[in-house]
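Open the model in your viewer and keep the selection tool at hand. The stops follow one after another.

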Amino acid sequence: MKKSIFTLVLLMLSVLGYTQKPSPSLLTPTNHTLVLIDLESQMAFPLQSITVDQLRNNIALIAGASKIFKVQTVVTTVAEASFSGPVFPELAEFYPKASSNYIDRTSMNTWEDVTAFNTIVGKGKKTIAFAGLWTSVCIVGPALSAINDGYVVYVITDACGDVSKEAHEMAIMRMVQAGARPVTSLQYLLELQRDWARQETYVAVTDLVKKYGGAYGIGVQYAHSMLKH
């Protein structure tokens with residue numbers, strides 16, 4: 001009888017211990033590289049799949065998140081000086097050009113640019129999260145190429161955009177069919193935070209949400225204000 005009870009206790013402890021382990025498919029600050037592609041003014045002009053103001057907020061969320069959590073991040077541009085123009089102010093806020101070593105390319109597929117490729121794979125992470133413009137060209141190319149090379153790929157879908165809703169949706173479908181994992185910008189931020197008891201990043205995360213998190217941010221602002229009474 002005692003042996004049976006002891007076995008049952010061990011089994012319960014084992015189950016409890018197992019349930020506390022997060023899935024390895026969740027993103028953490030140290031298990032991936034974030035690649036931000038061609039978030040430049042000219043690339044945003046023809047967007048139809050998302051409004052430019054919403055895209056800018058979403059970019060701020062993921063760029064801010066990567067900075068707060070010290071995620072290894074690569075910023076690439078295409079023909080910045082001659083055609084596509086400067087990156088969004090919300091990206092430059094967290095990754096200023098002067099100190100962030102943007103990689104300017106001519107190739108539409110970042111994976112085919114030697115400098116960009118070497119920089120990304122040189123980070124040593126087997127998981128990569130992509131965001132940028134346009135979904136059907138400059139995100140599909142490196143995402144499919146990275147998957148083919150054995151990388152686990154996440155696509156931050158609402159931090160991407162395209163010239164039509166159909167172009168964006170078909171590109172996401174194509175990548176998901178190849179094995180890419182879709183996430184959203186707010187999901188990306190909260191997945192990195194994971195626990196509100198992590199006080200070292202709590203203030204920075206909630207400040208970022210209040211500034212760029214839309215309705216959710218207003219809710220956080222309201223709660224912080226009203227809970228003071």
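Start with tryptophan 111: its relative accessibility is 9%, so the residue counts as buried. Bear in mind that the model is predicted.

Next, select tyrosine 151. Its ring centre is 5.6 Å from that of tryptophan 111 and the planes stand at 80 degrees, so this pair is edge-to-face too. Here the pair links distant parts of the chain, 40 residues apart. Tryptophan 111 sits in the loop between β3 (103-105) and α7 (114-121), tyrosine 151 in the loop between α8 (135-148) and β5 (152-161). At 14% relative accessibility, tyrosine 151 counts as buried, because the cut-off is under 20%. Show Trp111, Phe117 and Tyr151 together: they form one aromatic cluster.

Move on to the largest nonpolar core, which has 62 residues. Leu91, Phe130, Ile156 and Tyr188 have the most contacts inside it. Helix α3 gives this core its largest share, 7 residues.

Centre on isoleucine 156. Beyond four places in sequence, isoleucine 156 touches Leu34, Ile62, Ala129, Phe130, Ala131, Val183, Thr184, Ser185 and Tyr188.

Last, select helix α3 (residues 52-68) and helix α11 (residues 199-212). Their axes come within 10 Å and cross at roughly 170 degrees. That makes α3 roughly antiparallel to α11. On α3, display Asn57, Ala60, Leu61, Gly64, Ala65 and Ile68; on α11, Thr201, Ala204, Val205, Leu208 and Tyr212. These contact residues divide into 8 nonpolar, 3 polar and no charged.

Conventions
Residues are numbered from 1 along each chain as its sequence is written. This is a predicted model: local features need pLDDT of at least 70, side-chain atom pairs count only at pLDDT 80 or more; totals for chains, interfaces and linings use all residues. Side-chain values use heavy atoms; hydrogens and water are left out. Axes are lines fitted to C-alpha atoms, for helices over the stretch in contact, and angles run from 0 to 180 degrees between N-to-C directions. Helices (H or I, at least four residues) and strands (E, at least two) are DSSP runs, numbered from the N terminus. Angles under 35 degrees count as roughly parallel, over 145 as roughly antiparallel, 65 to 115 as roughly perpendicular and the rest as oblique. Contact means heavy atoms within 4.5 Å. Ala, Val, Leu, Ile, Met, Phe, Trp, Tyr, Cys and Pro count as nonpolar, Asp, Glu, Lys and Arg as charged, and the others, Gly among them, as polar. A nonpolar core is a set of buried Ala, Val, Leu, Ile, Met, Phe, Trp, Tyr and Cys residues joined through side-chain atoms within 4.5 Å. Buried means under 20% relative accessible area, exposed over 50%, partly exposed in between (1.4 Å probe, protein chains only). Rings of Phe, Tyr and Trp (its six-membered ring) pair if their centres lie within 6.5 Å; planes under 30 degrees apart count as stacked, over 60 as edge-to-face and the rest as tilted.
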